[in-house]
Amino acid sequence: ERFFLLVDVWDPHEPWTPPDYYTRLYAPDYDGRETQTCYDNWRDAGLTEDDVRLSHATYSGEVSMVDRWVGSLVEKLDVLGITDDTVVIFVSDHGYYFGEHDYLGKSVWDPDLGTQSWSPLYRSIVEVPLMIQMPGVAPGRTPALTTLVDVPATVLDLAGIAVPPEMTGRSLGPLLRGETHRHR
């Protein structure tokens with residue numbers, strides 16, 4: 001039977017509060033304190049190198065926690081015997097700065113607006129995971145450029161549904177099927 005399942009996980013997202021044992025994988029001295037982000041230059045915000053280190057450790061702990069539970073979901077496909085008939089797409093929306101370019105956060109705080117206002121677009125923010133497991137396609141990597149707007153078009157295409165012309169996304173199907181090595 002055909003099905004579509006979308007699993008949206010909030011983590012890793014601040015506040016980073018995974019079970020302590022996940023954080024201790026990355027900071028054995030972790031004492032349980034909650035870390036703060038500043039969405040700006042971490043030094044100017046009065047944070048220390050240890051604050052940045054612990055922020056990264058708690059974030060990494062959440063990544064490990066999500067990895068464990070996504071792995072459990074993928075393992076369930078094996079248990080149900082449907083792995084070879086199922087497309088799995090894993091994607092993230094943005095990265096995060098942990099001291100790179102002196103930032104801590106995903107954007108910069110604008111005190112006049114009282115909100116996050118913009119994000120310097122270094123690789124730490126824009127290079128995010130997009131992994132697709134598809135029956136009949138060997139694992140591999142591609143340097144082809146894509147964007148998140150292409151994911152819905154890809155889902156429709158792989159499900160055999162025509163992509164409406166008003167959609168701005170372009171299916172990654174031809175790339176996945178080896179019909180091309182370029183996308184955008």
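## Overall architecture

The model is predicted, and local features are reported where pLDDT is at least 70. The protein chain contains five helices and seven strands, and their order from the N terminus is α-β-α-β-β-β-β-β-α-β-α-α. Taken along the principal axes, the box filled by the C-alpha atoms of the protein chain is roughly 55 × 40 × 25 Å. The protein chain has 184 residues, and 30% of them count as buried.

## Salt bridges

Side chains of opposite charge can pair when their charged atoms come close. With a side-chain nitrogen of Lys or Arg required within 4 Å of a carboxyl oxygen of Asp or Glu, the count comes to ten salt bridges.

| Pair | N to O distance | Relative accessible area |
|---|---|---|
| Arg-123 and Glu-127 | 2.6 Å | Arg-123 61%, Glu-127 52% |
| Asp-150 and Arg-184 | 2.5 Å | Asp-150 0%, Arg-184 40% |
| Asp-157 and Arg-177 | 3.4 Å | Asp-157 24%, Arg-177 39% |

The pair of Arg-123 and Glu-127 has an exposed residue at either end, since Arg-123 has a relative accessible area of 61% and Glu-127 has one of 52%, where exposed means over 50%.

Asp-150 and Arg-184 meet through their side chains in a salt bridge with an N to O distance of 2.5 Å. Because Asp-150 lies in helix α4 (residues 150–158) and Arg-184 in the segment after α5, this pair ties together parts that are 34 residues apart in sequence. Asp-150 counts as buried because its relative accessibility is 0%, while Arg-184 is partly exposed at 40%.

Arg-53 and Tyr-26 are 27 residues apart in sequence, whereas their C-alpha atoms are 9.2 Å apart in space.

## The second largest pocket

Rolling a probe the size of a water molecule over the atoms shows where empty space is left. The second largest pocket holds about 1200 Å³ of space, and its lining comprises 31 residues, of which Leu-130, Met-131, Thr-142, Ala-144 and Thr-146 lie nearest its centre. Two or more lining residues come from each of the elements α3 (123–126), β7 (130–133) and α5 (173–176), and β7 gives the most, with four residues. By class, the lining of the second largest pocket is made up of 19 nonpolar, nine polar and three charged residues.

## A nonpolar surface patch

Phe-3, Leu-5, Val-7, Val-9 and Leu-73 make a nonpolar surface patch of about 460 Å². One of these residues, Leu-5, lies in the segment before α1 (20–23) and counts as exposed because its relative accessibility is 54%.

## Backbone features

Most residues other than glycine have a negative phi, and most peptide bonds are trans. Where are the cis bonds described here? One joins Asp-11 and Pro-12, with omega about 0 degrees, and another runs from Glu-14 to Pro-15, with omega near 0 degrees. Pro-12 is placed in the segment before α1, and Pro-15 lies in the segment before α1 as well.

Positive phi values occur at His-101, where phi is near 55 degrees, and at Asp-102, where phi is about 70 degrees although the residue is not a glycine. His-101 is in the loop between β3 (97–98) and β4 (103–105), and Asp-102 is also found in the loop between β3 and β4. His-101 is partly exposed, with a relative accessible area of 43%, and Asp-102 is partly exposed with one of 31%.

Conventions: Residues numbered from 1 in each chain as written. Predicted model: local features only at pLDDT ≥ 70, side-chain atom pairs only at ≥ 80, totals over all residues. Heavy atoms only, no water. 1 Å grid on protein atoms, 1.4 Å probe; cavity = no way out; pocket = protein on both sides within 12 Å on 5 of 7 lines; lining within 4 Å. Points joined across faces, edges and corners; volume = space filled by probe spheres on them. Nonpolar A, V, L, I, M, F, W, Y, C, P; charged D, E, K, R; others polar. Patch = residues over 30% accessible without salt bridge, like charges linked within 9 Å, V, L, I, M, F, W, Y side chains within 5 Å. Areas by Shrake-Rupley, 256 points an atom, 1.4 Å probe, with all protein chains shown as cover. Buried < 20%, exposed > 50% of the residue type's maximum accessible area, 1.4 Å probe, protein only.
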